Structure formats: structure tokens, C-alpha cells
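Have the sequence and the 3D view open side by side.

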Amino acid sequence: MLNKDEKFMKQAFAQAKKAADIGEVPIGCVIVYEDKVIARGYNRRKTDRNTLSHAELTAIRKASRRLGDWRLEGCTMYVTLEPCQMCAGAIVQARMDRVVIAAMSPKSGCAGSILNLLQMDEFNHKVEITTGVLENECSEFLSKFFTDLRKRLRTEKEQAIDETI
């Protein structure tokens, strides 16, 4: 039987799959309040042509609308990849209680990998962090996405070269 964190991370993973289905980097997120999902989001940067279209920011916007407040106290965010600096800052600003992360991001993560914006003593709010929930599934999905993307880009490049010869 799944524990609560696994149950909600599976829902975030379903959002990541939606991103992959439209060719986006597969990152998904859900926000939970009083044991109910109140917001969902997935990466849409390419689709929207907008730097701000990260899974976490989409979910934060929806959760704020749902609760009628910019403060998301009492909420937990479940996200398939460690938040970047922009999303980590928004999480702190929203006063989120907790963030549950599947996979860490050693090249861009700001919840402990590069730095930890969620728990800085200098800020007026700290966020509880749990990592590694469904880590293998989410990491493997991301790795496969990037492997497939590199193959596709290499094939497209080779075809373009062949057409010019």
C-alpha cells in the first residue's frame, strides 16, 4: 500500500507525463491542502514560449486562486524534480509548509543541490523538505526523455546534412 507521500507523488508524476506528451521537459507538480489536491501543474515553457511556465509556478498560481490567498500555509507541494532558483523563491514567498521532491537536480536544483533557498536562515520563512519519494521512477523517466531527445536531435541534424549534400 502506498503511503500518503507516494500517493501524491504519483499524481505529480502523472503531470510530468503530460509534459512529456507535448514534448516538454517532464516535470510535474501537485499542491495538497488538507489531504486534497488543490492544484496541478506541468512544464509548458516551450508550448507557452514563457520562461515562467514551470510546473511549480503553474500549480502555485492555481492553488492561490483556489484558496483565495497568496499565502499557501498548510500546503504541501509534490514535485518530480528539485525546484530551480525561481521556483524555490516562489515557494518561500508563498509560505508553503513543505515540499516533497522525487529527484534532485545537481545542475540546477535550489532545494539542497546547488544551494538551499527553501531553508535559508536569512529568509523569514523556511520550508520543510522531504526528498527521494519515487526517486527511481521519476529519475529514470527524465533520463529516458533526455536520451530520446538527444537521439532525435542527432537524427534530425544528420537528415538536414544529407539534404544539403
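**A walk through the predicted model**

Helix α3 covers residues 55-67, which is 13 residues, and reaches 18 Å from its first C-alpha to its last, close to the 18 Å expected at 1.5 Å a residue. The expected span is 1.5 Å times one less than the number of residues. Helices (H or I, at least four residues) and strands (E, at least two) are DSSP runs, numbered from the N terminus. This is a predicted model, in which local features need pLDDT of at least 70 and side-chain atom pairs count only at pLDDT 80 or more, while totals for chains, interfaces and linings use all residues. Residues are numbered from 1 along each chain as its sequence is written, and side-chain values use heavy atoms, with hydrogens and water left out.

Which residues of α3 are buried? They are A55, E56, L57, T58, A59, I60, A63 and S64. Buried means under 20% relative accessible area, exposed over 50%, and partly exposed in between (1.4 Å probe, protein chains only). The cover over these residues includes β1 (28-33), β2 (36-42), β3 (75-81) and α4 (85-93). Just after α3, G68 has a positive phi of about 70°.

Now turn to the sheet. Five strands form an open sheet in the order β2-β1-β3-β4-β5, with mixed pairing. Two strands pair if DSSP finds at least two bridges between them. β2 and β5 (128-131) are the edge strands, each pairing on one side only. From one strand to the next, the twist averages 20°. Axes are lines fitted to C-alpha atoms, for helices over the stretch in contact, and angles run from 0 to 180 degrees between N-to-C directions. β1 and β2 run antiparallel and are joined by six bridges; I31 stands opposite A39 in β2. α3 packs on the sheet and touches β1, β2 and β3, its direction making about 145° with that of β2. Contact means heavy atoms within 4.5 Å.

The axes of helix α1 (residues 4-21) and helix α5 (residues 135-164) come within 11 Å and cross at roughly 5°. α1 is therefore roughly parallel to α5, a term for angles under 35 degrees. The contact is made by K10, F13, A16, K17 and A20 of α1 and E137, C138, F141 and F145 of α5.

Two loops remain. D35, between β1 and β2, has a positive phi of about 65° although it is not a glycine. D35 is partly exposed, with a relative accessible area of 48%. L134, in the loop between β5 and α5, has a positive phi of about 60° and is not a glycine either. L134 is buried, at 12% relative accessible area.

Key
Angles under 35 degrees count as roughly parallel, over 145 as roughly antiparallel, 65 to 115 as roughly perpendicular and the rest as oblique.
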